[in-house]
Amino acid sequence: KMGGLQVGVASDTVRVLSVLPHSSADRAGLVPGDEIVQLNDSSIYTISDFHVASQQLHAFQICNIVIARDRRPLQMSFEVGSNLKDDDAVFLKRLASGDLEWGDRERLSAFLRDHR
């Protein structure tokens with residue numbers, strides 16, 4: 001799974017099997033049945049290609065993906081690792097950048113408690 005996206009092999013192509021509701025993949029518009037053709041700069045021919053390309057991604061990185069839907073290519077982008085609610089994702093970005101204020105300590109405690 002990556003960004004709320006589960007893939008598998010169907011008809012000798014790498015296809016989206018499921019998309020978590022409210023995930024970054026869902027917000028990007030990916031749907032089950034989409035064929036994954038390219039992930040960033042990597043062409044995807046096999047599930048191994050997908051795994052190698054997806055391992056190159058980092059949390060909160062923008063991922064460019066090319067899919068085929070109804071035999072037509074579509075390009076989409078989504079943020080990796082943002083399966084969190086929008087306010088949680090913003091909070092984690094602030095935490096990672098060191099841009100937190102003293103009052104955020106309670107927010108951090110609540111976040112850690114909710115995501116154990």
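Reader: What counts as a strand or a helix here?

Author: Both are DSSP runs numbered from the N terminus: a strand is E over at least two residues, and a helix is H or I over at least four. Keep in mind that this is a predicted model.

Reader: Fine. How many helices and strands does the chain have?

Author: Four helices and six strands. Starting at the N terminus, their order is β-β-α-β-β-α-β-β-α-α.

Reader: And where is Asp70?

Author: Asp70 sits in the loop between S5 and S6. Those two strands pair in the antiparallel sense over eight bridges, and one of the bridges joins Arg69 to Arg72 in S6.

Reader: Is Asp70 buried or exposed?

Author: Exposed, because its relative accessible area is 71% and the cut-off for exposed is over 50%.

Reader: What about phi of Asn40?

Author: Phi of Asn40 is also positive, near 50 degrees, and Asn40 is not a glycine either. Asn40 is in the loop between S3 and S4.

Reader: Changing topic. Where does Asp34 lie, and is it buried or exposed?

Author: Asp34 is in the loop between helix H1 (24–28) and S3. Asp34 is buried, since its relative accessible area is 1% and buried means under 20%.

Reader: Which side chain does the Asp34 side chain make a polar contact with?

Author: That of Arg69, at 2.7 Å. Beyond residues up to four places away in sequence, Asp34 touches Val14, Arg15, Val16, Gly29, Ile67, Ala68 and Arg69.

Reader: How do S3 and S5 pair?

Author: In the antiparallel sense, over four bridges. Within that pairing, Gln38 has Val66 of S5 as its bridge partner.

Reader: On to H2. Which of its residues are buried?

Author: Phe50, Ala53 and Ser54 are buried in H2, which spans residues 47–55. They lie on the same side of H2, because they cover an arc of only 95 degrees around the axis.

Reader: What covers them?

Author: The cover includes strands S1 (5–10), S2 (13–19), S3 (35–39) and S4 (42–43).

Reader: Why is Ser54 called buried?

Author: Because its relative accessible area is 17%, and the limit for buried is under 20%. The Ser54 side chain also reaches the backbone oxygen of His51 at 3.1 Å.

Reader: Now the largest nonpolar core. Which residues touch the most other members?

Author: Leu5, Leu30, Ile36, Leu39, Ile44, Phe50 and Ile65, out of 19 residues in that core. The elements that each give two or more residues are S1, S2, S3, H2, strand S5 (62–69) and strand S6 (72–79).

Reader: What does Ile36 touch?

Author: Leaving out residues up to four places away in sequence, Ile36 touches Leu5, Val7, Val14, Val16, Ile44, Phe50, Ile65, Val66 and Ile67.

Reader: Last one, the whole chain. What share of the residues is buried?

Author: Of 116 residues, 34% count as buried. The accessible surface is about 7,500 Å², with 50% of it belonging to carbon and sulfur atoms. Among contacts between residues at least 6 apart in sequence, 39% join residues at least 24 apart.

Conventions
Residues numbered from 1 in each chain as written. Predicted model: local features only at pLDDT ≥ 70, side-chain atom pairs only at ≥ 80, totals over all residues. Heavy atoms only, no water. Buried < 20%, exposed > 50% of the residue type's maximum accessible area, 1.4 Å probe, protein only. Arc of directions from axis to C-beta. Contact = heavy atoms within 4.5 Å. Polar contact = N/O pair within 3.5 Å; in protein donor to acceptor, adjacent residues only side chain to side chain. Core = buried A, V, L, I, M, F, W, Y, C linked by side-chain atoms within 4.5 Å. Areas by Shrake-Rupley, 256 points an atom, 1.4 Å probe, with all protein chains shown as cover. Pairing = 2+ DSSP bridges.
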